[in-house]
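Please keep the sequence and the coordinates at hand while reading.

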Amino acid sequence: MKGWPVTVLALTLAAAGPAAAQFPAPPPEQLKGTPVTPARLPDGRPNWTGFWVTPNGLLEVYRGPSGVSGQAPGANTRSTRRQDIPPLKSPYEERYAEALRRSAAGEIPDLVAACFPPGMPRMMVMVYGMEILQTPKIISITSEWQAATRRIWMDVKEHPPADELDPTYMGDSIGHWEGDTLVVDTVGIRDDVPLDFGQVPHSPKLTIKERFTEISPGVLVDEITIDDPDVFKEPWKYKMVYLYRPGLRLKEYVCLENNRNVDANGQAVFK
Amino acid sequence: MTTTAYSRALVTTLLVTLAAIALPVSAHHSFANFDDTKQVTLKGTVSEFQWTNPHAWLEVEVASTDGTTEKWSVEMLSPNVLGRMGWKRNSLKPGDEVTVVIHPLRTGAKGGNMVSIQDKNGVPIGGPQQ
């Protein structure tokens, strides 16, 4: 699908509905400087190895290809609650309301403020940027945010049985190619991992499906579908856009190095 | 305000109507503890610059009119963002005279979130200050 004009990107994003408002399409001038990704891999697959940022993430906001700095409207700082969450079912609706109340009162910290990994799917928000490394059997995505890494197994066809799978922050991700689209299925995410800032809950039935497509050179879109029939009345769908930025390299980010905001008990310290 | 106006330690609280000049909130935690409708200007001396994750911190000593010294803690963005804005680990050193504008803590404790910083000649430090 390489070669799609930018207008197609804009239309694609507009079709995403509320999510498009949450993650607005990059302006054409931002795309103008987007470099082309490397040549295809020997097996013919797209090669996305390298560093990527979100159009309204902190790195791009301050260091756009035009060199212009400043905070873009709707900057993707992600410490605020998403507005596109589908209606919840009982009892999760009540639990979510209670979690929001306690969170607003400062009674429960966000996992990330206490230096835990953001987990899936929140990790893919990529406030800073991400490094993709592709090998034939593993596609590795490391978020500079919290140094969180997820690995997509390309040589595995099925998840382990649910009762044998260890719940993790990133879950168990298996992937395959459909043409030039990378299709990923993720299960096995820990119960205590919220799906976003704001403590959005999930059940053991949570599945996350993703379709990664490079819709124009250097512009990668992740179509995310979060399905949890016990929690949501309808699947939660949104799209993330990533821009290829080969001039940047992943930096270390160890949150426990000097976290003066939240103590080991999850209480706000700097206040 | 002239530099002379700052010849003694000066803490000025300004109510601002536009938040457009504020640095963004953090990826790491909520910034609800800061009052982004207020700005405090601190003129003082750097005692420590912590170039660390998840946030960089500036410790600045501000002389009070009564002759005592107040220690203020100023939270900044993370080094991975600051570094790509032009900041370096040696952009600030102990002893540097600086003028710092912050959004203060709501509690009234001596701390805040950095909005801008200038050296003793009024030149912005680090990277672009928007």
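Of the 130 residues in chain B, 38% are buried; a residue counts as buried if 20 or more other C-beta atoms lie within 10 Å of its own, exposed if 12 or fewer, and partly exposed in between, with C-beta atoms placed from the backbone. In chain A, which has 271 residues, the buried share is 41%. The model is predicted: local features need pLDDT of at least 70, side-chain atom pairs count only at pLDDT 80 or more, and totals for chains, interfaces and linings use all residues. Residues are numbered from 1 along each chain as its sequence is written, while chains are lettered from A and ligands numbered from 1 in the order in which they are written.

Helices (H or I, at least four residues) and strands (E, at least two) are DSSP runs, numbered from the N terminus. Chain B has one helix and six strands, in the order β-β-β-β-α-β-β from the N terminus on. Chain A has five helices and nine strands, and its sequence pattern is α-α-α-β-α-α-β-β-β-β-β-β-β-β.

Two residues are in contact if their C-beta atoms, placed from the backbone, lie within 7 Å. Among contacts in chain B between residues at least 6 apart in sequence, 59% join residues at least 24 apart. For chain A, residues 24 or more positions apart make up 61% of the contacts with a separation of 6 or more.

The nine strands of chain A close into a barrel, in the order β1-β2-β3-β4-β5-β6-β7-β8-β9, with mixed pairing. From one strand to the next the twist averages 30 degrees; axes are lines fitted to C-alpha atoms, for helices over the stretch in contact, and angles run from 0 to 180 degrees between N-to-C directions. Strands pair if DSSP finds at least two bridges between them.

| Strands | Sense | Bridges | Opposite residues |
|---|---|---|---|
| β6(A), residues 181–187, and β7(A), residues 207–216 | antiparallel | five | A:Val184 and A:Glu210 |
| β2(B), residues 38–50, and β3(B), residues 57–63 | antiparallel | five | B:Thr45 and B:Glu61 |
| β3(B) and β4(B), residues 69–75 | antiparallel | seven | B:Glu61 and B:Lys71 |

A nonpolar core is a set of buried Ala, Val, Leu, Ile, Met, Phe, Trp, Tyr and Cys residues joined through C-beta atoms within 7 Å. The largest one has 70 residues, of which A:Trp52, B:Leu58 and B:Val100 touch the most other members. Strand β9 (residues 236–244) of chain A gives the most to this core, with seven residues. Leaving aside residues up to four places away in sequence, A:Trp52 touches residues including A:Ile132, A:Leu220, A:Tyr242 and A:Leu243. Another core, of five residues, lies apart from the largest one and has A:Leu111 and A:Val112 among them.

The pLDDT is the predictor's confidence in each residue, from 0 to 100. Chain A has a mean pLDDT of 81, with 79% of its residues at 70 or more. Residues 1–23 of chain A have pLDDT below 50, and this stretch has 43 contacts in the model beyond near neighbours in sequence. Residues 63–79 of chain A also have pLDDT below 50, with 47 such contacts.
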